Amino acid sequence: MRDLFQELNARLSLAVEHVPDVPIARTYGRLTRMAGLTLEAVGCRLCTGQRCMIETDHGTLVEAEVVGFDRNASVLMPIRHTTGLRPGSRVFPLHGDSKINVGYSMLGRVLNGLGEPLDSRGPITADQRINLQGETINPLQRLPISTQLDVGVRVINSMLSVGKGQRMGLFAGSGVGKSVLLGMMTRNTTAEITVVGLIGERGREVREFIEHSLGPEGMKNAVVIASPADDPPLMRLRASMLCHRIAEFFRDQGHDVLLLMDSLTRYAQAQREIALAVGEPPATKGYPPSVFSMLPQLVERAGNGATEKGSITAFYTVLSEGDDQQDPIADAARAILDGHIVLNRELAEQGHYPAIDIEQSISRAMPQVVTPEQLQKAQQVKQLYARYRQVQDLISLGGYQQGQDQNLDMAVHYYPEICDFLQQGMNERVLLADSQQQLMQLTGGQ
């Protein structure tokens, strides 16, 4: 009898440990003000970053996040567009970190910023439930970039080689082939998993990118997170964080992940909307200081992990308004990324695709992932290309005379061959080994 009592007591104690703490009473606050994108609530204790639910007159609950406070009032911002709010609407605090469902059932699916399916193919089957905010990796524990990643694009594989775990910027204005290039890399890469974040773009472009740029082949091992321009700014921020968190999950499973985020500029603009709404003063061309502090926090989540298996190689598109490379976001992105690829409008207008300007583009990790011979050859080709472009107008006017400058003669002779090498069809795939071989054979193998 005593043994039975002890066993029951032990089982009861174990059961009590697994019962969550139940509050004696549920506290709630009230809405007192709505100004632009923000709401103000009083009557309950809320911390910055905490989530809460707001009760509408329609009987529905709207999720919001605390983005600031003013004396005793908490400043909230809803994640979705809301109607039915009024003064005195109840605000219920949510406790605990934001959790997301992740798993291999995500592959081939299209999600919103909350991880909910947009493709009407049913719910996501979760392998794990993890925090939206991942743990920061000690910089001394990150593995260095040492292995090249094949993206299937000849000019990038050979002239702007990208290593596994590298973070690159894709700088482009509108209409120069940015989405086509992203689609080519998604379809052609040897990375096992691709995560695509479509942040703040036009809504019609989401389906076009999935059907035309990615295609069925690209979607097989891809996860697409879409938050178009008409989403609230907080949803766009959440979608940006989500695509990085999903990439981190697959990296931690030992996979090489290619992360494509279009675009980093829209992420910065979403943070600008939030910061200005809560009263932060603008600093550089209308961007508050918090924008420039959040950019590195986001991109630092990509890269290699602390184990030999798994990596996140990231490409971030940066919109150059009016092709201005001195835009504050473009300038900040160049400083925190491991290289940049610039798409040139003039090349696009000439039918030169992909319209990559190799003069302005650079991969900072290329010396660590290629042979000295390939690096030297890439520099030679870039010099010949740049030499021709410098005197292109003079040549068209008939001012060039052969025999006066040996380097210029070489540039003029090999320029058509170099241009053919730099161009590639959108449905053409060039493997890494073939790209390197074709580079070494360029300019007569000299």
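Residues are numbered from 1 along each chain as its sequence is written, and side-chain values use heavy atoms, without hydrogens or water. Because the model is predicted, local features need pLDDT of at least 70 and side-chain atom pairs pLDDT 80 or more, while totals for chains, interfaces and linings use all residues.

Helices (H or I, at least four residues) and strands (E, at least two) are DSSP runs, numbered from the N terminus. Helix α4 spans residues 203-219. Buried residues (under 20% relative accessible area, 1.4 Å probe, protein chains only) of α4 include F209, I210, S213 and L214.

Six strands close into an antiparallel barrel, in the order β1-β2-β5-β4-β3-β6. Strands pair if DSSP finds at least two bridges between them. β1 (29-35) and β2 (38-42) pair over five bridges. A35 stands opposite T38 in β2.

Strand β13 (256-262) is largely enclosed by the rest of the structure, because seven of its seven residues are buried. D256, L258, L260 and D262 point one way; V257, L259 and M261 point the other. β13 pairs in the parallel sense with β11 over six bridges, and with β15 (311-319) over six bridges. M261 stands opposite G197, and its bridge partner in β15 is Y316.

How values were computed
The expected span of a helix is 1.5 Å times one less than its number of residues. Buried means under 20% relative accessible area, exposed over 50%, partly exposed in between (1.4 Å probe, protein chains only).
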